[in-house]
Amino acid sequence: MEQKLDKLTENISDIKTLINTFNKTLENIEHRLSRLEQMDSIEHRVEVNQIDLSDIKESLQRIEDVQDNVVKQLENNLGNGEEIKHINRRLDSHLIKLAKAEEEIIILKNR
């Protein structure tokens, strides 16, 4: 019984570490996106910074996929997914921003 409790505690610690890593990654992405929003135009963003939005989008998708697994583990072990729900909301908002930026790039390319 004690071994199971120790293992559960260790699993919880690992999950918290993963969540902290996700938070740091998300903060980095938020920082990069905020810099992009401060630029004068999409053309300037693409030409000067040479940022590939599809790479950012793929990274967010991978994070979300891993996060889904962590959510399932948390729900099975703890039943508490509030932190993950918060991260999901943040990821959704970032994906929406990326979609809008990609749409604007496509519109500018078609001009």
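Guide: Happy to. The structure holds one salt bridge, a term for a side-chain nitrogen of Lys or Arg within 4 Å of a carboxyl oxygen of Asp or Glu. Before we zoom in, note that this is a predicted model, where local features need pLDDT of at least 70, side-chain atom pairs count only at pLDDT 80 or more, and totals for chains, interfaces and linings use all residues. Residues are numbered from 1 along each chain as its sequence is written, and side-chain values use heavy atoms, with hydrogens and water left out.

Now for the pair itself. Arg90 and Glu30 form the salt bridge, and their closest N and O atoms are 3.2 Å apart. Arg90 sits in helix H4 and Glu30 in helix H1, so the bridge ties together parts that are 60 residues apart in sequence. Helices here are DSSP runs of H or I with at least four residues, strands are runs of E with at least two, and both are numbered from the N terminus. Arg90 is buried, at a relative accessible area of 14%, while Glu30 is partly exposed, at 29%. Buried means under 20% relative accessible area, exposed means over 50%, and partly exposed is in between, using a 1.4 Å probe and protein chains only.

Let's follow Glu30 to another partner. His94 is in helix H4, which covers residues 82-110, and it counts as buried at 1% relative accessibility. Leaving aside neighbours within four places in sequence, His94 is in contact with Leu26, Glu30, Leu33 and Leu60; contact means heavy atoms within 4.5 Å.

Two of those names come up again with Leu91. Leu91 touches Leu26, Leu60, Ile63, Glu64 and Gln67, not counting residues up to four places away in sequence. Leu91 and Leu60 also belong to the largest nonpolar core, which has 15 residues; they are among the members that touch the most others, along with Ile19, Ile29, Val70, Ile84 and Ile87. A nonpolar core is a set of buried Ala, Val, Leu, Ile, Met, Phe, Trp, Tyr and Cys residues joined through side-chain atoms within 4.5 Å. Helices H1 (2-38), H3 and H4 each give two or more residues to this core, and H1 gives the most, with six.

Gln67 is found in helix H3, residues 53-77, and is buried, with a relative accessible area of 0%. The side chain of Gln67 makes a polar contact with the side chain of Asn88 at 2.6 Å. For a polar contact you need a pair of N or O atoms within 3.5 Å; within protein, one must be able to donate a hydrogen and the other to accept it, and residues adjacent in sequence count only if both atoms are side-chain atoms. Beyond residues up to four places away in sequence, Gln67 touches Phe22, Ile84, Ile87, Asn88 and Leu91.

The protein has four helices and zero strands, and buried residues make up 27% of its 111 residues. How far can you trust the picture? The average pLDDT, the predictor's confidence in each residue from 0 to 100, is 78, and 76% of the residues score at least 70. Confidence is highest in H4, at a mean of 85, and lowest in helix H2 (residues 42-49), at 58. Where pLDDT is low, the predicted coordinates should not be read in detail.
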